[in-house]
Structures are given as C-alpha cells and as structure tokens.
Amino acid sequence: MIQVVLWLAKSTFIVVLPFAVLLRTAVLAWRDGGFAAWEAVLAGAALTLLVVTGYAVWASIKFTGRLHLRRIATWIAMPLVVFYCGFAALHLSQTNAKSDSVRRQYRSLHPVLRLAVGTLVLADPDALVTDVGRVTDDYDRLGLPPRHDSRHFLQADGYVHAVDFRTRGRSRLRNGLVRGYFRLLGFRTLRHVGTADHLHVSLPQRAISH
C-alpha cells in the first residue's frame with residue numbers, strides 16, 4: 001500500500017512540475033522581476049523548457065541508451081512548450097466561457113493569468129469563466145455601484161487583470177481547490193457576491209514597476 005502511495009505521489013509530482021514551474025515563474029517574473037506581460041510568459045517557458053528537456057533526455061537514455069540533447073530540445077521539448085503556452089494563452093473553449101462575449105474578451109486578459117486559466121481547465125474541464133473585462137456602463141446595467149479601481153477594467157499595460165469563475169452548482173471542495181490553486185501560484189482571490197456568487201481572481205500587486 002505504501003509503495004502504491006509513493007508511486008502515485010511521484011507520478012503526480014512528475015506531471016505537475018512543468019506546469020508549476022511555468023506558472024509560478026511567470027507570476028514571480030511579472031510581480032517581482034518587473035517583466036512585461038509576455039516577457040514573464042517567456043521566462044516561465046524558458047525554465048519549463050529545461051524541465052521538459054530533462055524529462056525527454058532521461059527517457060531517451062533509459063529506452064535507447066543514447067543522448068541526443070540538441071535534437072531533443074529542438075524537436076521535442078521546444079515545440080511542446082511553445083504549443084502549450086500558445087494554446088493556453090490564446091484559446092478558451094466555449095464550454096469554459098459563460099457567453100460568446102466572455103470568450104471574445106479572453107485575449108484582453110493578462111497573458112500570465114490566461115496561462116493559469118488555460119491550465120486550470122485541463123484539470124477541471126467544468127470550470128466556467130463568467131466575467132473578464134468590464135466598462136463603467138456594465139455596473140449601471142447590473143445595478144451595482146461603479147468601482148473605478150476594478151481590475152476588470154483595462155489597466156495601464158493594456159490588459160485586464162482579473163477574471164471571475166462560477167461557484168454556483170459546484171461543491172465546496174471543488175471551489176476550494178480552485179481557489180487554492182490560484183493562491184498557491186501567487187494570485188489574489190476573493191469569494192464574494194456581486195451579481196451572483198463567484199470567485200474573483202486577480203494578478204498580485206507588483207513589487208517593481210516596468
């Protein structure tokens with residue numbers, strides 16, 4: 001039994017590590033390193049490339065007895081990392097967006113936050129984004145007092161810094177795991193009721209201005 005648990009823990013660590021490196025590095029590069037949006041994504045991708053290359057090299061040596069570092073990095077690791085980052089940052093499925101409007105707004109969301117959202121829906125295919133960008137008139141339409149400091153507005157860097165997720169109809173455990181996922185990565189989270197009960201996720205405050 002202990003061996004099974006250890007094997008599961010090891011397997012989970014191996015699978016999760018590249019995603020954790022990608023996302024945590026991107027958040028830290030943006031928050032603490034003063035990197036611009038896509039620079040932070042590239043920083044995360046660069047370290048993830050090292051991890052994926054290491055995995056591929058290990059597999060190559062184990063199963064073929066040969067080391068082809070340059071070929072593995074160029075033709076296996078790099079395409080995988082580039083494809084994943086591009087897909088997560090540019091695509092949101094219709095099943096993960098409350099409306100076509102939300103789906104169209106996805107690319108206005110900060111790229112680092114898009115990476116995190118794209119990775120979440122891999123583990124939680126039922127996760128639903130309910131709100132991305134807003135304008136002042138949206139608050140009037142919803143009967144809410146305007147919030148001029150809302151992270152849902154376009155920020156100085158040209159991106160929206162917040163996204164909302166549906167919590168209604170989902171178990172407390174699943175909502176807690178989603179919130180914990182974002183908090184572990186370094187994002188700010190808030191469970192509150194505005195137009196409906198939802199989880200608000202936003203980028204952390206920057207330590208260094210770009």
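Leaving aside neighbours within four places in sequence, Phe187 is in contact with Val27, Val112, Leu113, Ala116, Phe182, Val201, Ser202, Leu203 and Pro204. The model in which these contacts are found is a predicted one.

Phe187 also belongs to the largest nonpolar core, which has 42 residues. Within this core, Val112, Val163, Phe165, Phe182 and Phe187 touch the most other members. Two or more core residues come from each of α1, α2 (37-64), α3 (69-90), α5, β2 (162-166), α7 (172-185) and β4 (197-202). Helix α5 gives the largest share, seven residues. In soluble globular proteins, nonpolar side chains tend to be buried together.

The next step is to see how α5 packs against other helices. Two packed helices are described by the angle between their axes and the distance between the axes. For α1 (residues 2-31) and α5 (residues 111-123), the angle is about 160° and the axes are 10 Å apart. Because of this angle, α1 is roughly antiparallel to α5. The crossing of α1 past α5 is left-handed. On the α1 side, the contact is made by Phe19, Leu22, Leu23, Ala26, Val27 and Trp30, and on the α5 side by Val112, Leu115, Ala116, Thr119 and Leu122. Ten of these contact residues are nonpolar, one is polar and none is charged.

Helix α5 also packs with α7, at an angle of about 145° and with the axes 12 Å apart. Here α5 passes α7 in a right-handed crossing. Leu113, Ala116, Thr119 and Leu120 of α5 meet Val178, Tyr181, Phe182 and Leu185 of α7. This contact consists of seven nonpolar residues and one polar residue, with no charged ones.

Technical notes. Residues numbered from 1 in each chain as written. Predicted model: local features only at pLDDT ≥ 70, side-chain atom pairs only at ≥ 80, totals over all residues. Heavy atoms only, no water. Axes fitted to C-alpha atoms, helices over the stretch in contact; angles between N-to-C directions. Helix = DSSP H or I, 4+ residues; strand = E, 2+ residues; numbered from the N terminus. Parallel < 35°, antiparallel > 145°, perpendicular 65-115°, else oblique. Left-handed = near helix turned anticlockwise from the far one by under 90°. Contact = heavy atoms within 4.5 Å. Nonpolar A, V, L, I, M, F, W, Y, C, P; charged D, E, K, R; others polar. Core = buried A, V, L, I, M, F, W, Y, C linked by side-chain atoms within 4.5 Å. Buried < 20%, exposed > 50% of the residue type's maximum accessible area, 1.4 Å probe, protein only.
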